[in-house]
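Hi,

Here is the structure I promised to pass on to you. Have a look at it first, and then read on for what turned up when I went through it.

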Amino acid sequence: QQGEPVEGGAGVGDVDPERTGTRPIDRFHPSVEIALSRKRLVQAAATSGGFGVTMSILGTLYTQAEAVMGGSALVDWLAERLPGLEMSSWTVLFAVFLIVSWVLSFTGFLLSNAGFVIRADAQEAVVSRGLLERRRTTLPFGRIQALRYVQGLLRQPFGLGSLHTESIGARDDQGMGSTLVFPLLPKHALSGWPAELFERFGFADPPSSLPRKALKRYVLRACLPLLLLGALAFGVRFDGELYRISAERVLLLPHLAEPLGALQEPETARAVIRWLAGIGLAAAAAGVWAWSRWRTAGWLVAGPGREGMPAGGEMPAGEERPASGGMPAPGTHSPDERLILRQRRLALETVVVPANRIQDVTLSRTPLQRRSGLCTLTVRYASGVTGRSNVLRDLDLAEGRAVADWFRERQAGGKWPAPLR
């Protein structure tokens, strides 16, 4: 069984033409090779987003160095060696940490993923990578349970992401079976060699599936903790200037006149305005992030003859949503159907799980979700030692039941989703 020829040069399709040429991907050919080009390797290193972890390590080292040098001596030392910068010491420190973290992350990614190559035959794929230490990971096709396409914040605007597998027997540092299959892959290329190499894991783009009434729940979950922490930090920051944190001053209302009087001092008033503006900007950023999570969440059941069938979200103009939520009639399921979930934490993640790889589908509802007609969908599948689950929160109850009914019909004699009350 042969697929279409693999197209694209070293800088376009992420495939090395010297290794693959125009030879089609043949699942029974023993020498299929797909290599990451140098251009894509540099792009992947620049947008990997791993500098967040590096910054936390540098922050720990800074606290130790500050304890040895005393006070803000380290910050002053850095500011003196950056001429022409009229910024506060904390701004200078943050800029230095950001640059150093990015350089270290960039270098580490290059060293660990240089020479990235996939070699595949009919039974398995072997991933080789690394410059100083060459690492090889074997992926038997029969053990792969799901495919994940992850788009980080720096990669999504350019339509780029990384491809991962979830397998039985594989194990990473967290006990999960996640393996990096390709560090950087354009989204439009998912229909190319990945669809041919992983035949039952074809990607499709799910429509947005969450109702509008779920948006306020996403915003509240993102903003409320931030506002509460900001109010607490505000009280601690201005203790002694606005009020003293004690049981007496909290319980006795006459003492409120003292903190209000302190606002008449220009210096204190400016400090309060800056602090409140900072909390407001942080809450606005959290609200935008929550809106993005709500907007991008979606699900889809795909299969032969059903590509692009809407599983949720808005229906085309002039059409009404079927009572089954876009699902086929009972008894018409294809053996190659798969469930596709899309959700965002920080990165945007699209997961493809074939129907026969799903271990359990669970619907749950909180008291507040019952009032709004919403539910939480949890899909579990095997991965590594502990397994893995994907959660879609605040899904419309009718659509959640549609997914549960689809899974129930596909699992004849298997696990049934728990009934909802």
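Please keep in mind throughout that the model is predicted.

Tyr-149 has an aromatic partner. Its ring and that of Phe-203 form an edge-to-face pair, with 6.2 Å from centre to centre and 70° between the planes. The two are 54 residues apart and link distant parts of the chain: Tyr-149 belongs to strand β7 (residues 144-151), while Phe-203 sits in the loop between α6 (193-197) and α7 (215-237). Phe-203 has a relative accessibility of 18%, and because the cut-off for buried is under 20%, this residue is counted as buried too.

How many aromatic pairs are there in the model? The count comes to five. Another of them is Phe-116 with Phe-182, again edge-to-face, at 5.9 Å centre to centre and with 85° between the planes. Phe-116 is in the loop between α5 (89-113) and β4 (117-120) and Phe-182 is in strand β9 (residues 178-186), so this pair ties together parts that lie 66 residues apart in sequence. Both Phe-116 and Phe-182 are buried. Together with Trp-193 they make up one aromatic cluster. While you are looking at rings, turn to Tyr-218 as well: Arg-221 lies over its face, 4.8 Å from the ring centre.

Now for the chain as a whole. It has 421 residues, of which 43% are buried, and its secondary structure comes to twelve helices and 15 strands. Of the contacts between residues at least 6 apart in sequence, 60% join residues that are at least 24 apart. The disulfide count is zero. As for cysteines, Cys-223 is buried at 11% relative accessible area, and Cys-375 is buried at 0%.

Strand β15 deserves a visit. Asn-390 is in this strand and is buried, with 2% relative accessibility. Which side chains make polar contacts with the side chain of Asn-390? One is that of Gln-343, at 3.2 Å, and another is that of Tyr-381, at 2.7 Å. Leaving aside residues up to four places away in sequence, Asn-390 touches Leu-341, Gln-343, Glu-349, Val-351, Leu-377, Thr-378, Val-379 and Tyr-381. Asp-394 is also in β15. Its phi is near 60°, a positive value in a residue that is not glycine, and Asp-394 is buried at 0% relative accessibility.

At the start of the helix, a side-chain oxygen of Asp-396 comes within 3.1 Å of the backbone nitrogen of Ala-398. Which residues of α12 are buried? They are Leu-397, Glu-399, Gly-400, Ala-402, Val-403, Ala-404, Trp-406 and Phe-407. An α-helix has 3.6 residues a turn, so residues three or four places apart point the same way. The cover over the buried residues of α12 includes the strands β10 (298-302), β11 (338-344), β13 (358-364), β14 (374-381) and β15 (388-396).

Happy browsing, and do write back with any questions.

Best wishes

Note on methods
Residues are numbered from 1 along each chain as its sequence is written. This is a predicted model: local features need pLDDT of at least 70, side-chain atom pairs count only at pLDDT 80 or more; totals for chains, interfaces and linings use all residues. Side-chain values use heavy atoms; hydrogens and water are left out. Buried means under 20% relative accessible area, exposed over 50%, partly exposed in between (1.4 Å probe, protein chains only). Helices (H or I, at least four residues) and strands (E, at least two) are DSSP runs, numbered from the N terminus. Contact means heavy atoms within 4.5 Å. A polar contact is a pair of N or O atoms within 3.5 Å; within protein, one must be able to donate a hydrogen and the other to accept it, and residues adjacent in sequence count only if both atoms are side-chain atoms. A disulfide is a pair of cysteine sulfur atoms within 2.5 Å. Rings of Phe, Tyr and Trp (its six-membered ring) pair if their centres lie within 6.5 Å; planes under 30 degrees apart count as stacked, over 60 as edge-to-face and the rest as tilted. A charge sits over a ring if NZ of Lys or CZ of Arg is within 6 Å of the ring centre and within 35 degrees of the ring normal.
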